[in-house]
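Please keep the structure open beside the text while you read.

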Amino acid sequence: MAKPFRETLKTKGFIVTAEAAPVKGSNMSKPIENIELLKDKVDALNVTDNQSSVMRYPSLGTCLLIKERGGEAVLQITCRDRNRLAIQGDLLFAWSRGIGNVLCLTGDSIDVGDHKEAKPVFDLDSVQLIHLVHTLNSGKDMAGNDLDGGIDFCIGTTATPSADPLEPQLVKVGKKLEAGVSFIQTQAVYELDELKRFVEFVRKKDAKVKVLAGIVPAIGAKMAEYMNENVPGIFVPQYIIDELAQAPKGKGVSKGIEIAARMIRQVKEEKICDGVHIMFIGREEKVPEILKSAGLL
Amino acid sequence: MEPRIGVFICDCGGSIKNIDFSLAGKKVAKSSNVAFVDLSSDLCLKEGKEKMSSSLRAKNIDRVVVAACSPESKRYVFQQVLEGAGLNGHLLSVVNIREQCSWAHGGDVTEKALQLIQMGVNRARLLKPIEKKEVPLNKEVLVVGGGFSGMSSAIQLSRLGLRTILLERESALGGRNRDLEDLYGLKTNSMIKGIEGDKNIEVFTSSEVVRVEGRVGDFTVKIRKGTEELSRVFGGIVFATGYETGGDSQFKSSAHITSPNGLAHMLQASNLARKPRTVGFVFDSSDENSRLPAMATLNTALAAKQKWGGEVYVFCKNVKVDGEGLESLYSEARECGVVFVKFEEKPNISAQDGRVKIEARDVLLGENTTLNCDLLVAEEKFSPSQGTGTLSSLLNVRTDSRGFYQDENVHLYPVASERKGIFFVGDCRGDSGPRRVVTDVSSVVTSLYELLGPGKIVVERDRVKVDPQKCRTCLTCVRACPHSAVGLTRIDNGREVAEIWDLACDGCGICTAICPAKAIEFEGYSDQQILAQIEAIGVS
Amino acid sequence: MIIAERKPMEEIKQVIAPYKKVLLAGCGTCVTVCWSGGEKEVGILASQLRLARGTEGKDHAILEATVERQCEKEMAEELRSKVAEVDAVLSLACGIGVQTMAEIFEEKPIFPALNTTFLGMPEKEGVWVEMCGACGDCFLDRTGSVCPIVRCAKGLLNGPCGGTRKGGKCEIDPQKDCAWVLIYRRLEKQGRLDLMQKYYPPKNFRAVKRPGKIQAIKA
Amino acid sequence: MAFCCEHSAYSAADLAGRLALHCPENLRVIPVPCAGRVDTLHILKAFEKGAAAVLVLGCEEGACHHLTGNTRAKERVKHSEVLLKEIGGNGRYVAMSNLSPNAPHKFVKIIDEMNEKIKKSGEVR
């Protein structure tokens with residue numbers, strides 16, 4: 001059995017997590033394959049919740065699958081698709097089935113996804129969601145009613161260190177820290193100076209919070225440009241796009257992996273933050289390659 | 001009472017041949033409200049006019065249709081006939097059966113002429129009289145900017161008896177040419193003295209315009225003078241706010257490097273230790289739309305040659321001489337011995353033994369040229385004066401793509417703005433230079449004198465008019481009017497509605513077309529009048 | 001002010017297709033001001049429909065009329081004689097006007113010609129932007145008077161999401177400003193950033209009990 | 001049917017007549033003080049009354065006597081096109097052209113071209 005993530009956060013020097021995106025459909029063979037491949041190579045697998053507002057198999061279901069196979073799962077919950085009743089119910093259910101970690105996010109806008117005409121919920125925002133988990137942890141629901149059997153989640157959240165302007169972002173991160181989280185997983189970072197500045201800000205507020213740098217390998221100049229244009233919160237700098245553009249044909253993926261591994265190495269060697277979170281959506285099978293390249297396997 | 005329309009058809013001295021006039025006359029007479037039809041051959045001549053006038057009275061006509069030549073040529077004449085017969089001159093519809101019917105087509109066009117006349121009759125039926133009214137105008141003028149153009153304007157206005165306030169942002173008059181005396185024919189110091197002794201001119205230094213409200217003849221201008229703020233009323237405003245140089249010049253000014261403006265001041269200085277013997281200009285204008293850099297370069301190169309003698313070289317990529325006076329300036333400079341070297345690639349510039357070395361490839365000779373000069377005059381960037389943007393949004397007037405006042409709209413050219421009573425003169429217009437400023441100033445002064453001199457003006461009342469009951473105060477017209485002629489007014493019950501200022505209105509009808517409540521009537525071009533003309537298609 | 005825009009032509013043609021004589025009823029207030037349902041728009045739509053439906057006759061016609069406010073029964077009442085003449089009414093008012101008309105002319109089908117879109121302000125001539133969500137629990141005192149409920153795409157109360165685009169633009173549209181960046185800048189200007197640092201608990205989304213009804217104190 | 005700005009197209013039409021430059025007889029001109037006076041409604045009404053094509057003729061771009069009149073007219077013409085398309089154009093044409101008052105040849109060309117268009121679509125119909 002994997003170590004509870006809460007323990008890992010406290011004890012491990014350099015933490016490594018990876019993102020696992022659920023499938024569109026009910027065929028579990030691919031997710032199972034990925035889980036088997038990664039569960040012992042990383043400290044936790046983090047499962048997205050209708051990522052980019054594209055409808056998929058639920059995060060909760062995939063988390064259970066990870067749990068069943070002996071991995072450590074982090075449940076992502078966004079505020080986009082569920083109101084406060086549904087969120088509380090899901091959290092109770094997750095806890096009852098042995099999932100002990102939750103990542104609280106706002107969620108991408110409906111407009112970027114594949115169900116653009118859906119009604120966005122956003123009954124809560126991410127700060128309120130963190131407060132909500134604490135409320136449940138304390139044995140009460142949001143309305144103040146007692147719970148029969150409480151919960152005790154390890155709470156994480158996200159942030160965008162490369163936002164422009166950064167100040168309003170930081171105000172919000174400050175609120176998240178005040179609400180109380182154990183770890184922050186950043187949106188994809190490419191400029192490590194930005195990451196350094198961000199970590200400094202977090203340390204000043206709360207030295208115990210672990211920061212995991214978000215690593216999204218950009219596999220080709222076109223894809224990087226596409227992400228800049230279309231994926232909220234991602235800013236791939238021009239020099240990386242140029243580096244990718246120079247890669248020989250067919251070598252985009254390995255170039256992307258090389259750049260990612262280089263960044264991870266630097267993060268670790270310079271102790272910029274406490275670990276990394278690798279998001280290689282749709283190419284989970286390549287994650288070990290990154291880890292190996294970065295000297296983490 | 002139903003309108004009684006008189007239709008006068010004229011064959012213009014027999015020059016309209018392809019219309020059957022008697023048939024047309026007979027058919028038109030059957031149209032509703034047509035009380036009288038007359039055929040003529042000399043309607044615009046003395047006899048024709050007299051006959052028309054007596055018919056108007058005899059037949060008790062109250063709307064007139066004239067079918068003859070283009071209204072652009074003779075509308076005025078017929079309006080006078082109407083007025084002579086005691087009718088409002090506006091109750092006239094001129095139908096163009098000559099230029100746009102008879103002469104525009106080959107064969108018999110009686111049918112078409114009939115339709116055109118029907119369109120005219122339809123329109124005439126709906127015409128309403130437009131009264132005239134006299135509006136008093138404030139005769140005082142505000143001139144903003146105490147440089148050459150501002151000062152000249154003030155002096156000339158004062159000579160014509162219009163009191164003027166001359167406003168200058170800096171603490172003293174003179175502007176860019178302060179301290180320049182006798183250079184390119186400028187007499188700045190004597191001008192300043194003249195103004196100081198002129199009782200008709202009041203000078204406000206260290207002052208700025210804060211707000212402009214109202215309209216021609218009655219602008220209320222809030223002025224910040226030092227630390228105090230005051231409000232004054234003016235009939236007209238002249239902006240002579242000039243331009244600025246510098247900003248991103250590629251060279252730092254030093255003892256051996258200067259700008260055309262710096263050179264002008266050196267030329268003026270009497271205590272110069274040593275006259276530079278060789279002067280090299282580098283003129284690499286990237287902004288080909290502006291004539292100002294070329295003007296400044298040529299002017300100072302010529303002056304340097306004339307005043308200091310010595311050698312003067314102008315390294316240039318291209319000198320565009322299509323501005324006023326530029327070509328003769330260029331020729332004059334060449335005749336005086338200024339040498340022009342044309343390059344394509346930027347010259348190399350380096351410092352050497354206290355001099356400046358310019359190396360360039362002369363594309364006309366096809367060889368490399370090197371010049372060691374005592375003084376390098378580098379081109380500057382010309383930009384609108386600081387605050388031009390703020391002022392233009394304050395005034396609601398447009399600037400051109402470079403941010404100077406005035407675009408080259410042929411209808412507003414040269415000095416008028418889209419707002420009546422507001423003028424721009426001098427270098428704030430982007431392409432001026434000393435020679436043109438002189439003519440521009442006279443042009444502004446004459447326009448202002450014509451406008452404000454009499455102290456009153458006769459305008460048509462309510463030609464374009466807002467129906468306060470229908471107005472929803474959506475401010476669409478206020479925002480859309482290109483002449484800032486629409487404001488808000490409170491009606492009896494206290495509600496605010498749009499109001500059109502007759503004097504500032506230029507009669508374009510944009511507001512009438514855009515009003516979502518259809519609350520604006522434009523007499524002569526009202527919706528009903530236009531639709532009545534459309535109605536006549538296919539009816540004959 | 002209520003902002004609306006005209007429905008697609010196909011939809012309009014379809015709903016009035018079964019009716020021979022139709023009255024286009026404009027409204028002289030909000031929708032006039034936002035260029036969607038005033039006298040001018042009534043004229044344009046009427047003209048379009050006449051062209052689309054072909055020849056007019058005694059029983060087959062498009063009528064036009066505009067009243068000051070369709071959402072006031074007394075004012076909508078002015079249309080009674082015209083409504084009596086026709087088989088159906090196409091109302092160029094907001095949803096409120098359409099329903100008011102339907103209430104007083106119960107026997108006639110009243111159709112909407114507009115989509116009521118939001119409560120907004122004219123940004124410049126011809127451009128309107130959403131400003132208020134009529135949530136019944138105004139939050140503006142805490143945000144430098146920029147409404148995050150409707151001007152933030154997600155209606156967040158505690159700061160921007162992580163998707164803000166470069167230069168402080170919204171995740172979903174680079175043409176639109178991120179409300180939270182606007183809030184930050186305004187509060188910063190006023191030296192009141194502490195307001196933004198405060199935590200705001202989940203909003204009461206039931207401040208208005210649907211269907212909303214307010215009883216003013218009787219005078 | 002052509003709405004002609006009195007600052008430009010109307011004078012151009014006069015000039016065309018004086019130069020005996022012939023243009024199609026089915027042209028009907030309505031003078032307006034500025035192309036900006038022409039409302040979408042006028043254009044649609046002209047079609048209602050049976051016009052096959054409506055032209056709005058104003059000053060050259062950047063040279064409108066009233067600055068924005070011709071650009072507004074252009075927008076309205078575009079809008080009218082959209083409105084016509086919505087109801088299935090049926091061979092109805094609307095167009096905006098810019099010309100200066102001293103351009104009689106251009107005036108005639110604009111009218112001729114539009115007339116050709118109408119004729120062609122008439123044959124097709």
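In this predicted model, chain A and chain D do not touch, and their nearest C-alpha atoms are 24 Å apart. Chain A and chain B are likewise joined by no contact, their closest C-alpha atoms lying 27 Å apart. There are 4 pairs of chains that touch, and among these the most contacts are between chains B and D.

**Confidence**

- The model as a whole scores ipTM 0.82 and pTM 0.84.
- Chain C has an average pLDDT of 94, with 98% of its residues scoring at least 70, while chain D averages 91, and 98% of its residues score at least 70.
- Within chain C, confidence is highest in strand β5 (residues 110–112), at a mean of 98, and lowest in strand β9 (residues 173–177), at a mean of 92.

**Domains of chain C**

- The domain assignment divides chain C into domain 1, covering 2–117, and domain 2, covering 133–197.
- The C-alpha centres of domain 1 and domain 2 of chain C are 38 Å apart.

**Where chain D meets chain B**

- In this pairing, 36 residues of chain D are in contact with 33 residues of chain B.
- On the side of chain D that touches chain B, at least two residues each are supplied by α1 (9–18), β2 (29–32), α2 (40–48) and α3 (69–86) of chain D.
- The largest share of that side comes from α1(D), which provides 6 residues.
- Sorted by class, the residues on this side of chain D are 15 nonpolar, 12 polar and 9 charged.

**Helix packing within chain D**

- The helices α2(D) and α3(D) pack with their axes 9 Å apart and at an angle of about 45°, and they are therefore oblique to each other.
- Their crossing, that of α2(D) and α3(D), is right-handed.
- From α2(D), the residues Thr40(D), Ile43(D) and Leu44(D) meet Arg76(D), His79(D), Ser80(D) and Leu83(D) of α3(D).
- The contact of α2(D) with α3(D) is made up of 3 nonpolar, 3 polar and 1 charged residues.

**Helix packing within chain A**

- In chain A, the axes of helix α2 (residues 29–38) and helix α3 (residues 59–68) cross at roughly 45° and come within 10 Å, which makes α2(A) oblique to α3(A).
- The crossing of α2(A) and α3(A) is right-handed.
- Here α2(A) contributes Pro31(A), Ile32(A) and Ile35(A) to the contact, and α3(A) contributes Thr62(A), Leu65(A) and Ile66(A).
- By class, the contact of α2(A) with α3(A) has 5 nonpolar residues, 1 polar residue and no charged residues.

- Helix α3 (residues 39–53) of chain C packs against α2(D), their axes coming within 9 Å and crossing at roughly 25°.
- Because angles under 35 degrees count as roughly parallel, α3(C) and α2(D) are described as roughly parallel to each other.
- The crossing in which α3(C) passes α2(D) is left-handed.
- On the α3(C) side the residues are Lys40(C), Gly43(C), Ile44(C), Ser47(C), Gln48(C), Arg50(C) and Leu51(C), and they meet Thr40(D), Leu41(D), Leu44(D), Lys45(D), Phe47(D) and Glu48(D) in α2(D).
- This contact of α3(C) with α2(D) divides by class into 5 nonpolar, 4 polar and 4 charged residues.

Technical notes
Residues are numbered from 1 along each chain as its sequence is written. Chains are lettered from A and ligands numbered from 1 in the order in which they are written. This is a predicted model: local features need pLDDT of at least 70, side-chain atom pairs count only at pLDDT 80 or more; totals for chains, interfaces and linings use all residues. Domain bounds come from an automatic or database domain assignment. pLDDT is the predictor's confidence in each residue, from 0 to 100. Helices (H or I, at least four residues) and strands (E, at least two) are DSSP runs, numbered from the N terminus. Two residues are in contact if their C-beta atoms, placed from the backbone, lie within 7 Å. Ala, Val, Leu, Ile, Met, Phe, Trp, Tyr, Cys and Pro count as nonpolar, Asp, Glu, Lys and Arg as charged, and the others, Gly among them, as polar. Axes are lines fitted to C-alpha atoms, for helices over the stretch in contact, and angles run from 0 to 180 degrees between N-to-C directions. Angles under 35 degrees count as roughly parallel, over 145 as roughly antiparallel, 65 to 115 as roughly perpendicular and the rest as oblique. A crossing is left-handed if the near helix is turned anticlockwise from the far one by less than a right angle, and right-handed if clockwise.
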